[in-house]
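Try each task before you read its solution.

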Amino acid sequence: MVESNQRTYKLDEILGKPLITSSDKKTRIYGLNVKGREVEISAYSESETRKGYFHKVEIEYLPASMYLINGSCTCESFQYYGMPCKHMLKVRNVYLKNRDKINKG
Ligand SMILES: [Zn+2]
């Protein structure tokens, strides 16, 4: 990858209130958009090596199949390999766990 978008954010750099915060507080979903059968989610997930620093994660996926259609993350792993990283999977899992709560508003 020629241009790296690797970076981290501190919580005070992240604007707005999360719609959902995971029970361990490491994954925070800020945006959720349902387009037909697809769901677009924007979130931040805490670095495991640098406490207090979060990666920005965007995913698009089909809940019916669990299949990630698209996504990005600002972590080193995604920037290097371009493959779904643990943050993207965490965001999906936090969404799945809280989906009913989110849908009820
Ligand atoms: Zn990542």
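A residue is buried if 20 or more other C-beta atoms, placed from the backbone, lie within 10 Å of its own. By that rule, 26% of the 105 residues of the protein count as buried. This is a predicted model: local features need pLDDT of at least 70, side-chain atom pairs count only at pLDDT 80 or more, and totals for chains, interfaces and linings use all residues. Residues are numbered from 1 along each chain as its sequence is written.

**Exercise 1.** Find the order of the elements from the N terminus on.

Solution. The protein has 2 helices and 6 strands. Their order is β-β-β-β-β-β-α-α.

**Exercise 2.** Describe how β5 and β6 are joined.

Solution. Strands pair if DSSP finds at least two bridges between them. Here 6 bridges join β5 (residues 53–62) to β6 (residues 67–73), and the strands run antiparallel. Next, look at the turn. The hairpin has 4 residues between its strands, and M66 there has a positive phi of about 70°.

**Exercise 3.** Which residues have the most contacts inside the largest nonpolar core?

Solution. Such a core joins buried Ala, Val, Leu, Ile, Met, Phe, Trp, Tyr and Cys residues through C-beta atoms within 7 Å. The largest one has 16 residues, and V57 and V91 have the most contacts inside it. β4 (38–46), β5 and α2 (86–103) each supply at least two of its residues.

Key
A residue is buried if 20 or more other C-beta atoms lie within 10 Å of its own, exposed if 12 or fewer, and partly exposed in between; C-beta atoms are placed from the backbone.
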